[in-house]
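Please view the sequence and the model together while reading the points below.

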Amino acid sequence: MVQKRVQKKDADAIYFLGLKHYFGELGLTKDISRVIELFTQAAELGSVKAHHKLGLVYYTGNGVKEDKSRGIHHWQQAAMKGNVESRHILGAAEHDNGNHQLAVQHWMISAKIGEQDSLNCIKELFMEGHATKAQYTEALLGYRDAVEEMKSSQREEAERLGI
């Protein structure tokens with residue numbers, strides 16, 4: 001069934017097949033070159049998840065030659081398409097490079113989408129003197145609004161049931 005969808009150029013199916021090769025699941029061998037090929041194809045077809053995973057693979061050099069700029073490029077592509085995790089990681093990469101203001105900008109965006117880790121990072125930068133009180137307040141209010149917006153009785157019921 002997956003192969004049929006892959007043949008029809010379904011980005012999600014191609015990404016799924018890439019993951020199975022990455023972890024060596026479903027009887028498939030771990031093959032990083034095949035993973036890169038599949039993730040790249042899925043990314044070209046619009047898969048945000050594939051861009052995110054390519055970013056991780058290239059940035060960390062996990063199975064390929066480390067290429068931080070290529071990893072960042074893929075995270076940027078994913079972040080521009082709304083991937084919150086990629087946006088958060090871009091902030092972390094900028095922070096690690098000493099670019100605190102760029103880190104704050106990335107984390108502000110992801111905090112306002114409801115990413116608590118980004119909010120916590122801005123708080124830490126504020127406490128270290130690398131972010132302003134106004135930036136932290138804006139992130140805090142944006143985070144609060146995002147969390148409020150995501151509330152629903154169905155989510156609360158699922159959380160109560162442990163789902």
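Helices (H or I, at least four residues) and strands (E, at least two) are DSSP runs, numbered from the N terminus. This is a predicted model, in which local features need pLDDT of at least 70 and side-chain atom pairs count only at pLDDT 80 or more, while totals for chains, interfaces and linings use all residues. Residues are numbered from 1 along each chain as its sequence is written, and side-chain values use heavy atoms, with hydrogens and water left out.

**Residue E94**
- E94 lies in helix α6, which covers residues 84-96.
- Although E94 is buried, it has no salt bridge; buried means under 20% relative accessible area, exposed over 50%, and partly exposed in between (1.4 Å probe, protein chains only).
- A salt bridge requires a side-chain nitrogen of Lys or Arg within 4 Å of a carboxyl oxygen of Asp or Glu.
- The nearest side chain of opposite charge to E94 is R87, 9.2 Å away; Lys and Arg count as positive and Asp and Glu as negative, with His and the chain ends not counted.
- Not counting residues up to four places away in sequence, E94 touches N99, L102, A103 and H106, where contact means heavy atoms within 4.5 Å.

**Helix α9**
- Helix α9 spans residues 133-150 and has 18 residues.
- From first C-alpha to last, α9 reaches 26 Å, close to the expected 26 Å; the expected span is 1.5 Å times one less than the number of residues.
- The buried residues of α9 are Q135, Y136, A139, G142, Y143 and A146.
- Seen down the axis of α9, these buried residues fall within an arc of 130°, so they line one face of the helix; the arc is that of the directions from the helix axis to the C-beta atoms.
- K133 and A134 are exposed on the other side of α9.
- The cover over the buried residues of α9 includes α7 (100-111) and α8 (116-128).

**Residue M108**
- M108 belongs to helix α7 and is buried, with a relative accessible area of 10%.
- Leaving aside neighbours within four places in sequence, M108 is in contact with I122, Q135, E138 and A139.
- M108 and R87 are 21 residues apart along the chain, and their C-alpha atoms are separated by 9.5 Å.

**Salt bridges**
- The count of salt bridges comes to seven.
- One of them joins E25 and K20 (2.8 Å, N to O); E25 is partly exposed at 32% relative accessibility, whereas K20 is buried at 17%.
- Another joins D145 and R144 (3.0 Å, N to O).
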